[in-house]
Amino acid sequence: MKPELLNQYDLKNNDLFSNLQGNILKGHGRNYTTNIFIKFDEVRKEKVIEWIKKFATEKITSCKKQLQENELYKRNNVLGGVFYSFLLTNSGYKYLGLETKSKFEESFIHGMGNAGLNDPIKVKWEVGFQAELHAMILIGDDNQEKLAVATIEIVTQLDLLGVITTIEYGNVIRNENKDGIEHFGYVDGISQPLFFEDELEKYIRQNGAVNKFDPSASKDLVLVNDPLINVKDAYGSYFVFRKLEQNVRKFKRDEQKLADQLNLEGEDSERAGAMIIGRFEDGTPVQVSDDAGMIGSGVFNNFNYGDGTDKVGNDSKCPYHAHIRKSNPRADVNDETKHRERIMARRGIPYGPQTEFKDLEKDFHLLPEDRVGLLFMSFQKSISSQFETIQKDWVNNADFPKLNSGIDPVIGQDGAINESEGKFPGSTKSITFESSVTMKGGEYFFAPSIPFLKTLKFLKPIKPIKPIKPIKPSN
């Protein structure tokens, strides 16, 4: 059954778009971001609630406003304003005096630190993520100076309301084709669920058809009724944040080592990395081409892997353990409906200065080993059936999509050295490839509806009645 796509011009969707925070159904599109993580002060709860209500009224960017800004930019080249959103953890709801049990899913209530994802133990996370978190504020803009001013304003306000545990700064990095890339140098974010009719139309123009992979998605893939407010068309979404540090120097050295093991030389050596990621650096899928440079490589997504066996023509061109195949297996999952239900809306952004790639044979030592990476962010209807299923059952599972596939060599976690072992085309034996990505911390959040945030109430704690002391009888 085909998903029902949204029409942004249809007035029947007005309340849905007005009540929903931006960045969920469509990425906010800003080049620079600030993620502020805070634990609110217990004694300032009344002021905190008033601040949240004011922030929701004056700052938060609704989906409607985001769509309006996108339309104005496409039509008149008018840039949108500063983007703001507000998200709460389970601890944040409890801080506000609100009951989450039976209202929210168990994964959200338990938190990322108790999710059994084979991540590093919490004491090894960055200090700012070890602390109890109540909320995250996301700010974005295309102008760094405007973003800095907006960030200082919010930080100054939050300093009076609690403790800011950490601040993460994101910045889009691009290749020579102006496609967004991550620090290993590969185009990122190509395969996304599309919720709007005009997005699917653009996909068809760029991909020629939807005959091999259909990215269209119903809003139900990421939206749930806000469980704490009884208002029609008031939706929220579960949100996952993970800070993933990339050791670029190690990845590029291992990439070259793999090319040597596969006897790949010159330009052909680029296929080594393409078989780790599943795409060449410019986005060309290794499944459909033996080399980079296909037209529209940075947006092409209309391909499949076959039926999950090596009997299909070019099925083995993309190894089963390749990152994009492990995290988005397409036809490797026989039930298309089940596959559709697992996909998330990814909204990640790199952090740290852009890695400059020069003559790698001479300059490996100049590449960063730390302090650069990806701020992974995703929206979904269910953390357990989407993010956790992908991370636990697909990415971390050495026997998915088939026996002895190996874990995902990029983001796979095996609880030890995160080493993937799998077969590569051109080699008769299995070859190991260690991950160069380290999870530094994160948490599960919920993006509440705007009406919920605007109508928060401060509930004064009920003071226990002191028992009346009995009057002693006089002698």
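This is a predicted model: local features need pLDDT of at least 70, side-chain atom pairs count only at pLDDT 80 or more; totals for chains, interfaces and linings use all residues.
Residues are numbered from 1 along each chain as its sequence is written, and side-chain values use heavy atoms, with hydrogens and water left out. Helices and strands are DSSP runs numbered from the N terminus, a helix being H or I over at least four residues and a strand being E over at least two.

Leucine 5 is found in the segment before α1, which spans 14–19. This residue counts as buried because its relative accessibility is 15%, where buried means under 20% relative accessible area, exposed means over 50% and partly exposed lies in between, with a 1.4 Å probe and protein chains only. Leaving aside neighbours within four places in sequence, leucine 5 is in contact (heavy atoms within 4.5 Å) with Leu194, Phe195, Phe196, Glu197, Leu200, Ser216 and Ala217.

Most residues other than glycine have a negative phi, and most peptide bonds are trans. Serine 102, however, has a positive phi near 75°; this serine lies in the loop between α4 (90–95) and α5 (106–110), and is exposed, with a relative accessible area of 68%. Arginine 330 likewise has a positive phi, near 50°, and lies in the loop between α11 (323–327) and α12 (336–342), but at 5% relative accessibility arginine 330 counts as buried.

Asparagine 207 lies in helix α8, which covers residues 197–207, and counts as buried because its relative accessibility is 9%. Beyond the neighbours within four places in sequence, asparagine 207 is in contact with Val299, Phe300, Asn301 and Asn302. With asparagine 301 there is also a polar contact, the side chain of asparagine 207 reaching the backbone nitrogen of that residue at 2.6 Å. A polar contact is a pair of N or O atoms within 3.5 Å; within protein, one atom must be able to donate a hydrogen and the other to accept it, and residues adjacent in sequence count only if both atoms are side-chain atoms.

The next element is a helix pair. The axes of helix α9 (residues 248–261) and helix α10 (residues 270–277) come within 8 Å and cross at roughly 110°, so α9 is roughly perpendicular to α10. Here the axes are lines fitted to C-alpha atoms, for helices over the stretch in contact, with angles running from 0 to 180 degrees between N-to-C directions; angles under 35 degrees count as roughly parallel, over 145 as roughly antiparallel, 65 to 115 as roughly perpendicular and the rest as oblique. The contact is made by Phe251, Glu255, Leu258 and Ala259 of α9 together with Ala272, Gly273, Ile276 and Ile277 of α10. In the loop between α9 and α10 is asparagine 263, which is exposed, with a relative accessible area of 65%; its C-alpha atom is separated by 9.2 Å from that of serine 427, 164 residues apart along the chain.

Further along, lysine 392 lies in helix α14 and counts as partly exposed at 31% relative accessibility. Leaving aside neighbours within four places in sequence, lysine 392 is in contact with Ala115, Gly116, Leu117 and Asn397, and its side chain reaches the backbone oxygen of alanine 115 at 2.8 Å.

The loop between α14 (383–395) and β12 (419–423) contains proline 401, which is joined to phenylalanine 400 by a cis peptide bond with an omega of about 5°. Aspartate 408 is also found in the loop between α14 and β12, and counts as buried because its relative accessibility is 0%. Not counting residues up to four places away in sequence, aspartate 408 touches His321, His323, Lys326 and Val395, while its side chain reaches the backbone nitrogen of isoleucine 411 at 3.3 Å. Aspartate 408 and phenylalanine 17 are 391 residues apart in sequence and 36 Å apart in space, C-alpha to C-alpha.
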